[in-house]
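Please examine the sequence and the structure shown below. The paragraphs that follow lead from the overall fold to individual side-chain pairs.

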Amino acid sequence: MCPLGTGLTTAGATICVVSFLYNAGQSTFDSFFPVFASGTLGMGPTKIGATLTSLAAVSFGVSAFVFSRVQEALGLTLTAAAGLGLVAAGLIGVGVAGSEVAAVAAAAVYVSGIPLFPPAVPILLMQCVPKTRRGAVMGLDSAVNAVARIATPVAFGKAIFPKASAAGALNAPFLYAGGVVALAALVVVVRRWSVL
């Protein structure tokens, strides 16, 4: 049984909308974190590289050792929502961070959520979409994700550059991205609640 609804349109639309919002947040982090780390936190290229490598190690650890336990405890849909919640909290945390330590800690929360959501998407597609429609829905989901990854940094970048001299302007995209990913988590929880 599909945890996001009985109708193909409702379930497919939910998956595509949530994927879009997640990718909007992730592409924002990927696009702006190095700029933020350099411009706001004063980190140099070596430190930024080491930080990103450390964050990747955290993400790998969660993927390898935590995902299956969380999924067994919460179920697939709530695991996806928990991942989205961590991503949103991390993005907002980076946006409000006043120091390098706070920003890196928030980024660690962000990368902890990443391994919890993306594995859920193909599983939900398998549960919610008939075999004859899976290719079409997966293609639509990929197209939606590509649009999010291209359009969101451009849209959120406009929030920075007109105010580039203003204090905290480099924080704005993270706050916007955190908001859209929080909306994705809310959509998942509401859809799951309505199905139950």
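How many helices and how many strands make up the secondary structure of the protein? The secondary structure consists of eight helices and zero strands, where helices (H or I, at least four residues) and strands (E, at least two) are DSSP runs numbered from the N terminus. Read from the N terminus, the order of elements is α-α-α-α-α-α-α-α. The model is predicted, so that local features need pLDDT of at least 70 and side-chain atom pairs count only at pLDDT 80 or more, while totals for chains, interfaces and linings use all residues. Residues are numbered from 1 along each chain as its sequence is written, and side-chain values use heavy atoms, with hydrogens and water left out.

Of the 196 residues in the protein, 46% are buried; buried means under 20% relative accessible area, exposed over 50%, and partly exposed in between (1.4 Å probe, protein chains only). The protein exposes about 9,300 Å², and carbon and sulfur atoms supply 70% of that area, as computed by the Shrake-Rupley method with a 1.4 Å probe. Among contacts (heavy atoms within 4.5 Å) with a separation of 6 or more, 80% are between residues 24 or more positions apart.

Two salt bridges are found in a search of the whole structure, a salt bridge being a side-chain nitrogen of Lys or Arg within 4 Å of a carboxyl oxygen of Asp or Glu. In one of them, D30 pairs with R149, and the closest N and O atoms are 3.0 Å apart. This pair links distant parts of the chain, since D30 belongs to helix α1 (residues 8–39) and R149 to helix α7 (residues 134–160), 119 residues apart. D30 is partly exposed at 41% relative accessible area, and R149 is partly exposed at 34%.

E100 and K47 also form a salt bridge, with an N to O distance of 2.8 Å. Because E100 lies in helix α5 (residues 100–113) and K47 in helix α2 (residues 45–65), the pair ties together parts that are 53 residues apart in sequence. E100 is partly exposed, with a relative accessible area of 27%, and K47 is partly exposed at 44%. Helix α5 also has buried residues, namely A103, A106, A107, Y110, V111, S112 and G113.

Seven aromatic pairs are found in the whole structure; rings of Phe, Tyr and Trp (its six-membered ring) pair if their centres lie within 6.5 Å, and planes under 30 degrees apart count as stacked, over 60 as edge-to-face and the rest as tilted. F29 and F33 form a stacked pair, 4.7 Å centre to centre with 20° between the planes. Because F29 and F33 are four residues apart in helix α1, about one helical turn separates them. An α-helix has 3.6 residues a turn, so residues three or four places apart point the same way. F29 is buried at 5% relative accessible area, and F33 is buried at 0%.

F29 also pairs with F174 in an edge-to-face arrangement, at 6.3 Å centre to centre and 70° between the planes. That pair links distant parts of the chain, with F29 in helix α1 and F174 in helix α8 (residues 172–195), 145 residues apart. Both F29 and F174 are buried. One aromatic cluster is formed by F29, F33, F36, Y110 and F174; Y110 is also one of the buried residues of α5.
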